[in-house]
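I opened the model and kept notes as I went. The entries follow the order in which I looked things up.

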Amino acid sequence: MRFVGFCVLVLWLVSSIEAAQPRTTSGVVDVRWSDSALSYIGRWMADDSGDALLCDWSQCAFSVSISGASSVSLLMADHDNYFNVYIDGVVSQVLVTNETDGVIIPYNILWPSDGAAHELLVMKRTEASLGVLSFAGVEFVPLGDYTIEPVPRSKERTIEAIGDSLTCGYGILGASPDCDWSDDTEDATLAYESLIAETFDAVLYTEAWSGKGMVRNYGDPNITSSEPFPSLYPRTLGNSEEFMWDFSLYSPDVVILNLGTNDYSTEPYPPLSVFESGYVDFLTDLRKWYPNAAIFCICGPVTNQHCCLGVKESVNQMGGEPQKFYYINMLNILTWPVDYGCDAHPNTSGHQKMAQVVIPVISDVMGW
């Protein structure tokens, strides 16, 4: 077991950057992943060769500002994930990658042809269970003089969201509760935690995995599972138990925790004592890793009273509000069927309602 992380937050939070000097070349410009012009969000690590950075958690992202480019491509190897590509803060395309067996290939971006400086942000919208992204860098064809530099950011607030399919944005784009999930219906960038982070202009890290519970995963025939979500959470990559995250690299002001739905989704339910023991153990670890964070523990909206009783009691066992642990009940806030997407998960309107419950609570506690 190795502790691995890539310290990227400092670059993302830069508020003022000296203007880059124009450069000239007659060939393709290759901006390697390690170039200081590239900034990152989320848990990343270099591969064994040092040729690429790896990530798999929802909403891991990279950004760069480029001027003087006629075309731009991303150099990646991936496994059929979906990415939102933002140009100057607006989604310009949804990029769907191909299974390439680890071979880095270029993906063309719909780049403006005016030669002006534009900010590129690429964010993974599908979850870790769909596979690990390898990102080698960006290449572009210059029109003449060009610049590359980091995208300036001044976000001082930080949030981390931890959860299951609800936090993944599973089925959020589905037309009705009757449709089956497919990867094109998932988009964590539209999920409740993203709306919360947008409201507070905060940096957001997301670690979530559909079907995982606090002590019991969806459909498990036993009252506990061998690999519930807390066993995945400390990993740099959700898919690899070899590399552990260095928690000193990101210290959120706010942690949003929404686990328990899968524990009580199918029988046999875990006894409340077992669920609460696992929940308290995880909260104890979170407090160890984030001694100053306000931790908001959510129940719902698509669960039952068993789950909510367990979450609330776990928060109480940790000392509640005086110890900066807060319980939020979301039961019964959604309307059937208008707030539901695929597999009866919340759709965009459902996630908006979820965010509207949490935002005033965080605002009151944090003074935001």
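**Entry 1: a buried tyrosine and its partner**

I started with Y264. At 3% relative accessibility, Y264 counts as buried, because the cut-off for buried is under 20%. This is a predicted model, so I treat each value as computed from predicted coordinates.

Next I looked for a ring partner. Y264 forms an aromatic pair with Y269. The ring centres are 5.3 Å apart and the planes stand at 70 degrees, an edge-to-face pair. Y269 is partly exposed, with a relative accessible area of 27%.

Y264 also turned up when I listed the contacts of T303. T303 sits in the loop between β17 and α6. Its relative accessibility is 18%, so T303 counts as buried. Beyond four places in sequence, T303 touches G260, T261, Y264, C308 and L331.

**Entry 2: other rings**

How many aromatic pairs does the structure hold? I counted 21. I took F140 and Y146 as one to check. Their ring centres are 5.3 Å apart and their planes are at 75 degrees, so this pair is edge-to-face. Both F140 and Y146 are buried.

**Entry 3: R43**

The charged end of R43 sits over the ring of Y233, 4.7 Å from the ring centre. R43 belongs to the loop between β4 (39-41) and β5 (45-46).

Is R43 buried or exposed? R43 is buried, at 2% relative accessible area.

**Entry 4: helix α5**

I checked the length of α5 (residues 272-289) first. At 1.5 Å a residue, its 18 residues should span 26 Å, and the end C-alpha atoms are 25 Å apart, which agrees.

Then I listed its buried residues. They are F275, E276, G278, Y279, V280, F282, L283, L286, R287 and W289. An α-helix has 3.6 residues a turn, so residues three or four places apart point the same way.

What do the buried residues of α5 pack against? I found β13 (157-163), α4 (229-232), β16 (254-258), β17 (294-299), α6 (305-317) and β18 (325-329).

**Entry 5: the cores**

I looked up the largest nonpolar core, and it has 43 residues. I162, Y233, L257, F282, L283 and L286 have the most contacts inside it. Two or more residues come from each of β11 (118-124), β14 (202-208), α4, β16, α5, β17 and α6. Helix α5 gives the most, with seven residues. Apart from this core lies another, of 32 residues, with F62, V72, I87 and I109 among them.

I also noted L53, in strand β6 (residues 53-55). L53 is buried, with a relative accessible area of 0%. L53 and T284 are 231 residues apart along the chain, and their C-alpha atoms are separated by 31 Å.

**Entry 6: backbone checks**

Most residues other than glycine have a negative phi, and most peptide bonds are trans. I searched for exceptions.

A cis peptide bond joins G300 and P301, with omega about 10 degrees. P301 lies in the loop between β17 and α6. Another cis peptide bond joins W336 and P337, with omega about -5 degrees. P337 is in the loop between β18 and α7 (348-366).

For phi, I noted D343 and A344. D343 has a positive phi of about 55 degrees without being a glycine. Phi of A344 is also positive, near 60 degrees. D343 is partly exposed, at 31% relative accessible area. A344 counts as partly exposed at 27%.

Key:
Residues are numbered from 1 along each chain as its sequence is written. This is a predicted model: local features need pLDDT of at least 70, side-chain atom pairs count only at pLDDT 80 or more; totals for chains, interfaces and linings use all residues. Side-chain values use heavy atoms; hydrogens and water are left out. Helices (H or I, at least four residues) and strands (E, at least two) are DSSP runs, numbered from the N terminus. The expected span of a helix is 1.5 Å times one less than its number of residues. Buried means under 20% relative accessible area, exposed over 50%, partly exposed in between (1.4 Å probe, protein chains only). Contact means heavy atoms within 4.5 Å. A nonpolar core is a set of buried Ala, Val, Leu, Ile, Met, Phe, Trp, Tyr and Cys residues joined through side-chain atoms within 4.5 Å. Rings of Phe, Tyr and Trp (its six-membered ring) pair if their centres lie within 6.5 Å; planes under 30 degrees apart count as stacked, over 60 as edge-to-face and the rest as tilted. A charge sits over a ring if NZ of Lys or CZ of Arg is within 6 Å of the ring centre and within 35 degrees of the ring normal.
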